[in-house]
Amino acid sequence: MTEPIRLPNLSTDKDFDGEAFAPIYTTAVTVSGGMVSHGRASGRARSGDGVLDLNLRMPAELGGDGQGTNPEQLFAAGIAACFHGALSLVARQAALDPAAISVQATVAFGRDPADGGYLLHVDLEVKWPDIDLAVAAPLVEKADSLCPYTKMAQRGTPTSIRLAS
């Protein structure tokens, strides 16, 4: 028999101290290039603990074989899951049942007109059947202010890049 999944022990209370970012969870995923030495086209993504271990493939729309997960799908899953978690948290704090909530993330990959490179656009659609929109809207707004993925998408995120020897 498997152990039931427990709710996370996170809150929106001001239970932190200090002015600096303080990580409470860190993970690392390594991507290698695979048979054509291109992480997006034939790569492999593996987390440090081995729980995530999958082949990456370009979607057919970008000229790939479409036979594996692509980075946009992974990002869409991450942002949808994170936003769902934030909304579930604020719903519970408002004494509402979040069981019926679903979040769909649509991630579009395209050209950035500013520099000719690439850019992502993200659309989130929240479905929350049988709730008054006037009740749900402020909770969705609060979830948006709490979700680290939507914060990253709106504000950017501190990023460092270093070349290892």
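For a disulfide, we ask for two cysteine sulfur atoms within 2.5 Å. A search of the whole structure turns up zero disulfides. Cys 147 counts as buried, at 0% relative accessibility. By buried I mean under 20% relative accessible area, by exposed over 50%, and by partly exposed anything in between, with a 1.4 Å probe and protein chains only.

A quick word on what we are looking at. This is a predicted model, in which local features need pLDDT of at least 70 and side-chain atom pairs count only at pLDDT 80 or more, while totals for chains, interfaces and linings use all residues. Residues are numbered from 1 along each chain as its sequence is written, and side-chain values use heavy atoms, with hydrogens and water left out.

Now to the charges. How many salt bridges does the structure hold? There are four, where a salt bridge is a side-chain nitrogen of Lys or Arg within 4 Å of a carboxyl oxygen of Asp or Glu. One of them joins Glu 72 to Arg 40, with the closest N and O atoms 2.8 Å apart. Glu 72 sits in helix α2 (residues 71-93) and Arg 40 in helix α1 (residues 39-42), so this pair ties together parts that are 32 residues apart in sequence. Helices here are DSSP runs of H or I with at least four residues, strands are runs of E with at least two, and both are numbered from the N terminus. Glu 72 is buried, at a relative accessible area of 10%.

Asp 53 bridges to Arg 46, with 3.0 Å between the closest N and O atoms. Here both partners are partly exposed: Asp 53 at 35% and Arg 46 at 37%. Glu 125 and Lys 127 also meet through their side chains, at 3.9 Å from N to O. Glu 125 is partly exposed at 43%, and Lys 127 is partly exposed at 45%. There is a network too: salt bridges with shared partners join Arg 44, Arg 46 and Asp 53.

On to the sheet. Three strands form an open sheet in the order β1-β2-β3, with antiparallel pairing. Strands β1 (29-32) and β3 (53-55) stand at the edges with a single partner strand each, so one side of each is left without a neighbour in the sheet. On average, neighbouring strands are turned by 15° against each other, direction ignored. The axes behind that angle are lines fitted to C-alpha atoms, for helices over the stretch in contact, and angles run from 0 to 180 degrees between N-to-C directions. Strand β2 (residues 44-47) pairs with β3 in the antiparallel sense over three bridges; for strands to pair, DSSP has to find at least two bridges between them. Ala 45 stands opposite Leu 54 in β3.

Last stop, Asn 9. Where does Asn 9 lie? Its place is in the segment before β1, and Asn 9 is exposed, at 79% relative accessibility. From Asn 9 to Val 31 there are 22 residues in sequence and 31 Å in space, C-alpha to C-alpha. Thanks, everyone!
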